[in-house]
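Dear colleague,

Please find below the structure that I am handing over to you, with its sequence.

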Amino acid sequence: MAVSVSILAIIISLHLIAFVFAVGAERRRSTAKIVPDEYDERTYCKYASDASTVYGLSAFGLLLISQTVLNGVTRCLCFGKGLVTGRSTTCAIFFFILSWINFLGAEACLLAGSAKNAYHTKYRAVFNVEHLSCATLRKGVFAAGAALTLLSLLGSVLYYWSHARADTGGWEKHQNEGLGMTNSSFAPHQQQQQQTGEFQKA
């Protein structure tokens with residue numbers, strides 16, 4: 001299997017768009033402030049926009065699609081035709097594991113960050129209370145997801161490239177062996193024909 005430029009472009013594009021969304025989610029994290037209720041002596045948490053949740057879930061979905069495309073093309077390394085034994089197959093296995101580890105880590109950060117960012121504290125307290133806390137997403141969760149997305153991109157591209165090399169190498173080896181067998185069987189047959197012609201002339 002040769003490297004497909006279109007498949008490679010899809011994988012890279014989806015990862016990069018997911019990275020942009022993850023960075024946007026980090027920058028647009030929901031913030032909250034304690035404000036007094038205008039109708040009674042109570043305070044509540046007022047939250048800003050929830051755009052970060054939408055960005056995080058979008059990055060989660062794009063990363064999932066990219067991983068599905070990659071493993072669908074390569075048959076998840078476990079199915080389909082066998083790969084030739086050698087350095088390319090070893091690299092394919094290593095980068096396969098690396099891409100999955102980074103993928104799962106990125107998805108966990110994006111999903112957990114989106115869920116936490118969407119949670120709003122509904123607790124209300126008596127006005128002038130000193131320790132009213134508003135639940136917000138801590139800084140760095142979406143940033144970690146963005147970093148793992150880039151690492152997942154690197155692992156996915158290298159896995160696809162090494163898998164294609166191992167698969168192509170196996171096909172070429174099989175083809176060369178077939179040509180060698182054909183030539184070896186053709187040589188005695190040609191020699192026998194020459195001997196038969198000489199006998200008839202004699």
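Which residues are buried in helix 2? In this predicted model, the buried residues of helix 2 are A51, S52, T53, G56, A59, L62, L63, S66, Q67, L70 and N71. Helix 2 consists of 23 residues, and its first and last C-alpha atoms lie 33 Å apart, close to the 33 Å expected at 1.5 Å a residue. After helix 2 comes R75, which has a positive phi, near 60°.

The protein contains four helices and three strands, arranged along the sequence as α-β-β-α-α-β-α. Of its 202 residues, 32% are buried. The accessible surface amounts to about 12700 Å², and carbon and sulfur atoms account for 62% of that area. Where contacts link residues at least 6 apart in sequence, 81% of them join residues at least 24 apart.

I turn next to the nonpolar interior. In soluble globular proteins, nonpolar side chains tend to be buried together. Here the largest nonpolar core has 14 residues, and those that touch the most other members are A22, A59, L63, L110 and F142. Two or more residues of this core come from each of helix 1 (5-27), helix 2 (51-73), helix 3 (87-118) and helix 4 (141-201). Helix 1 makes the greatest contribution, with four residues. There is also a second, separate core of eight residues, among them I7, L70, A92 and F95.

L63 deserves a separate remark. Apart from neighbours within four places in sequence, L63 contacts H15, A18, F103, A106, E107, L110, T149 and S152.

Helix 1 has 23 residues, with 33 Å from its first C-alpha to its last, close to the 33 Å expected at 1.5 Å a residue. Its buried residues are I7, I11, L14, H15, A18, A22, G24, A25 and E26.

Side chains of opposite charge can pair when their charged atoms come close. The structure holds one salt bridge, in which the side chains of R29 and E26 meet at 3.5 Å, N to O.

S156 lies in helix 4 and is buried, at 0% relative accessibility. Setting aside residues up to four places away in sequence, S156 touches I11, H15, Q67, L70 and S99. Of these, I11 and H15 are buried residues of helix 1, while Q67 and L70 are buried residues of helix 2.

N102 is located in helix 3 and is buried, with a relative accessible area of 8%. Beyond its neighbours within four places in sequence, N102 is in contact with L148, L151 and S152. N102 and L153 are separated by 51 residues in sequence, and their C-alpha atoms are 8.7 Å apart.

I93, I97 and I101 make a nonpolar surface patch of about 280 Å². I97 is a residue of helix 3. Why does I97 count as partly exposed? The reason is that its relative accessibility is 45%, which falls between the 20% limit for buried and the 50% limit for exposed.

With kind regards

Definitions and conventions. Residues are numbered from 1 along each chain as its sequence is written. This is a predicted model: local features need pLDDT of at least 70, side-chain atom pairs count only at pLDDT 80 or more; totals for chains, interfaces and linings use all residues. Side-chain values use heavy atoms; hydrogens and water are left out. A nonpolar core is a set of buried Ala, Val, Leu, Ile, Met, Phe, Trp, Tyr and Cys residues joined through side-chain atoms within 4.5 Å. Buried means under 20% relative accessible area, exposed over 50%, partly exposed in between (1.4 Å probe, protein chains only). Contact means heavy atoms within 4.5 Å. The expected span of a helix is 1.5 Å times one less than its number of residues. Patches are made of residues with over 30% relative accessible area and no salt bridge: like charges are joined within 9 Å, nonpolar side chains (Val, Leu, Ile, Met, Phe, Trp, Tyr) within 5 Å. Accessible areas come from the Shrake-Rupley method with a 1.4 Å probe; for residues, only the protein chains shown count as cover. A salt bridge is a side-chain nitrogen of Lys or Arg within 4 Å of a carboxyl oxygen of Asp or Glu.
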